[in-house]
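Here are my notes on the model you sent over. Have it open while you read.

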Amino acid sequence: TTLSHCTWDVSGALGFMKALQLVLDGREDEVPPMLGASSDMLAEVAGLHERDLQEDVQLKQMMSHRSGDEKECVHRSPQPPLEERLIGIPMDTLKRLRSLVIAEDGDEDTWMTYQPDELFVALVVQQIARASPTPRSINMMNILNARLVVPSLSKARGVYTQNMVLLAPNKLSPNTTAGGLGPIAVSQRACIGGFTTQANIARSLRTFLGAIQAGVDTTAQTSSDDDAAPLLINNLVRFTNELDIDLSSAVLRQGEGSATRNNALGTVDFCYLTIKNPYDMMRITTLGAYDGTACWMLGELPARAWELLQETLDELGQ
């Protein structure tokens with residue numbers, strides 16, 4: 001199935017697939033309505049907090065970059081060539097990351113609240129930092145889905161046919177990226193938790209909607225404000241683990257035998273996301289397996305970062 005990302009995000013696409021399952025099962029009366037085809041709900045959410053927001057400093061900075069008003073040109077370190085790879089990691093391996101973090105500071109109670117996917121993202125960032133010849137800050141751009149954090153969207157009785165992803169930037173200093181897993185994971189959780197307040201979401205939406213209206217390239221401007229290495233992160237492990245989409249009613253003939261196949265008949269074992277990278281930017285996308293037993297990672301990283309990541313995962317898997 002090919003879906004236009006400007007029309008759908010992963011959440012909307014999975015909602016559509018669930019509706020397709022209901023139709024195939026003869027349960028059309030259970031299909032939820034499709035919402036958002038004729039209105040921009042993100043603009044409406046931004047408008048709800050318009051009176052509470054101050055002057056949009058970030059948008060002014062983005063506009064100044066576009067118009068060439070900046071007086072100083074920041075020298076940026078050269079980015080090593082990126083390699084695209086796809087790897088699969090057993091969830092049992094990722095769970096051992098918690099033991100590594102507990103060994104760092106001994107705070108078992110705190111780290112028991114962190115999920116394996118959170119620590120895995122921190123591990124990837126750590127290997128990227130280790131692969132750099134010199135300490136360097138990393139600008140982590142976390143993709144979040146507005147429909148999961150805005151009450152008016154999450155409680156809607158239907159599926160929005162609209163891309164509702166937002167960016168939550170988290171700039172880490174060289175000292176943080178070169179340190180242990182713990183500080184990276186803590187910073188990430190604090191960033192995402194702080195961003196998902198209603199006022200901050202509205203402020204971010206207003207900035208990017210204003211940039212789009214002004215013809216500003218939002219992705220390029222967000223990722224290149226200084227010498228920090230940009231990293232786009234799309235963590236979908238918990239969102240895609242144990243999917244309840246079952247298309248077995250559409251199967252006319254079983255191909256692989258039941259004794260050798262890894263997933264149940266009519267279920268999706270892996271979703272491959274392909275998005276052209278025009279900015280030479282590091283990216284990682286993490287996805288869960290249908291039964292929650294593994295994590296898939298599709299990414300574009302320097303070769304040395306891949307090598308270090310694989311070495312660490314091999315050690316965890318032993």
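1. The lining of the largest cavity divides into four nonpolar, three polar and one charged residue. (Ala, Val, Leu, Ile, Met, Phe, Trp, Tyr, Cys and Pro count as nonpolar, Asp, Glu, Lys and Arg as charged, and the others, Gly among them, as polar.) The lining residues are A129, S132, T134, P135, R136, P174, T177 and A178. This cavity has a volume of about 30 Å³, and the structure holds one cavity of 30 Å³ or more. On a 1 Å grid over the protein atoms alone, a cavity is a set of points where a 1.4 Å probe fits but cannot get out, while a pocket is an open set with protein on both sides within 12 Å along at least five of seven lines; lining residues have an atom within 4 Å of a point. Volume is the space filled by probe spheres set on the points, which are joined across faces, edges and corners.

2. Bear in mind that this is a predicted model: local features need pLDDT of at least 70 and side-chain atom pairs count only at pLDDT 80 or more, though totals for chains, interfaces and linings use all residues. Residues are numbered from 1 along each chain as its sequence is written, and side-chain values use heavy atoms, with hydrogens and water left out.

3. The second largest pocket holds about 380 Å³ of space. Of its 21 lining residues, S11, L14, G15, V159 and F239 are the closest to the centre. Helix α1 (10-24) gives the largest share of that lining, six residues. By class, the lining of this pocket divides into twelve nonpolar, four polar and five charged residues.

4. Now the sheet. Six strands form an open sheet in the order β2-β8-β7-β6-β3-β5, with mixed pairing. β2 (82-90) and β5 (165-172) stand at the edges with a single partner strand each, so one side of each has no neighbour in the sheet.

5. β7 (282-288) and β8 (294-302) pair in the antiparallel sense over six bridges. I284 has G299 in β8 as its bridge partner.

6. Overall, the protein chain comes to 15 helices and eight strands.

Technical notes: Pairing = 2+ DSSP bridges. Helix = DSSP H or I, 4+ residues; strand = E, 2+ residues; numbered from the N terminus.
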